[in-house]
Amino acid sequence: MTSARIKDKAETLRSLLSFLTHATETIIKEWETDAQDPKHDPLLPSETLYDVRQAVVGACGMYTDLVQEPQHRLMELSLQPFASRALHVAATASIADIIAEADAGSGVDLKMISTKSGIEQIKLAQVLHALCSANVFAEIEPNYFVNNEISQQGLSMYTSSVNLPSVLLNSVQAEKAGINQTAFEKTFGTTVWDYLEGNTSKIDDARNPRRELEVFAHAMIGAGRIHSTPIYADYPWESLRKSEIVDVGGGVGGMSLDLAKRFPCLRFIIQDRAAVIPQAEVVWQHELPEAISTQRVQFMPHDFLTEQPVKGANVYLMRYVLHDWPDEQCITILSKLRDAMGPHSRILIVDQIMRTTLGSPHLKRAPAPLPANYGHAQLFSHMVDLAMLSVFNSKERTPEEFSALAQKAGLKVVKIWECRSIMGVTEMRRSDASSE
């Protein structure tokens, strides 16, 4: 290593340390402020806390990269799939639930966890020790484990990524042959939607496909609520007044359900595949029955790749939709909506807004010396992006990629709403319409 390189690294390291020292005091101050607010929502950090937390995660990762031996860091990255597998084992065996049920305050014995999970004790210890080192679970005495803040949130992982390398390495040849198989299809022998709905003989008859569909529907509600509280706070939903919102591909309408509770003037039409609509009706009847009785919500089977039947709605909402589809299908989906839109209609796309290390003029940049996208703070977003690739041959998108899709569908991006979340809101209008 040259002396110039050493000097650059030393200056960066000192800069990161100085930033972390200052940021630590900022975070503690924000924690203390939150503790004094009885109405504080832990899912809605202040703008100050959100920004500094992103920067600290990025700075810690950058600090680690600078001081860790490069060869060791590379090996560590190459073995990360085993961490994912350990999480998958813990989720499948409901380890967090076993600990939560049995813990009387002194931790749960490995032997008991082994008995209840059906995993041999020595092998289970290997899995739990790996997860403890990653700060998922904690070992308070030898072979006595407790949940911590991370494991208490629950664990679920995709298994389809196992075939992602083979699909990617043959993608050029597959495209030439007209084959567009996902890693999920290679693993399970069917698409994710047919898998969930049981529309294939390749699914194991011992499975209950309707149970899979129900779990997926409720998972979308739960996952949405983890990340969406800032969406409800940082986009001006109140300005929509008595608008009718068409929740396109809305599943059971999890986001609309939350919006209906917060903004009583809004009305909703939940659209999804015919197999999903009965589940949506059950969920709304349980959580907000008055919305059904007053007809604030309607349910409509609809394939969003076909003509949109609701014309001229104020808002067409899509959460977790476009990231499920390759560009070609996204353009079709958006084009169908464009054809149905009135001059004052808008499309609101709630998905991750991807950030690269080069940044985007549409997004806030991280403070120096961090890369523009906060570096390590974006790792989760990139993992989700790869999950979309594995399951759907799709992706999470940058502002520029959203703009390209919009243009090809006769639309324009009028604003990207950055929120205190990994999620954001991309607002589109007809390209011939005013953005007012």
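This is a predicted model: local features need pLDDT of at least 70, side-chain atom pairs count only at pLDDT 80 or more; totals for chains, interfaces and linings use all residues.

1. Tyr374 sits in the loop between E8 and H17, and its phi is near 75°, a positive value in a residue other than glycine. Tyr374 is buried, with a relative accessible area of 7%.

2. The loop between E8 and helix H17 (379-392) is also the place of Pro369. The peptide bond joining Ala368 and Pro369 is cis, with omega about 10°.

3. Another tyrosine deserves a look: Tyr320 is not a glycine, yet has a positive phi of about 55°. Tyr320 is found in the loop between E7 and helix H16 (327-340) and is buried, at 13% relative accessible area.

4. Now to the core. The largest nonpolar core has 33 residues, and Trp237, Phe268 and Trp284 have the most contacts inside it. Elements supplying at least two residues each include helix H12 (209-234), helix H14 (277-287) and strand E10 (423-430). Leaving aside neighbours within four places in sequence, the contacts of Trp237 include Ile231, Met255, Phe263 and Leu348.

5. Finally, helix H6. Which residues of H6 are buried? They are Leu110, Ile113, Ser114 and Ser117. Seen down the helix axis, the buried residues of H6 fall within an arc of 100°, so they line one face. These buried residues pack against helix H5 (95-102), strand E1 (108-109), helix H7 (121-133) and strand E3 (144-146). The face of H6 turned away from the buried side carries the exposed Lys111 and Thr115. Just after H6, Gly118 takes a positive phi of about 80°.

Methods
Residues are numbered from 1 along each chain as its sequence is written. Side-chain values use heavy atoms; hydrogens and water are left out. A nonpolar core is a set of buried Ala, Val, Leu, Ile, Met, Phe, Trp, Tyr and Cys residues joined through side-chain atoms within 4.5 Å. Buried means under 20% relative accessible area, exposed over 50%, partly exposed in between (1.4 Å probe, protein chains only). Helices (H or I, at least four residues) and strands (E, at least two) are DSSP runs, numbered from the N terminus. Contact means heavy atoms within 4.5 Å. The arc is that of the directions from the helix axis to the C-beta atoms.
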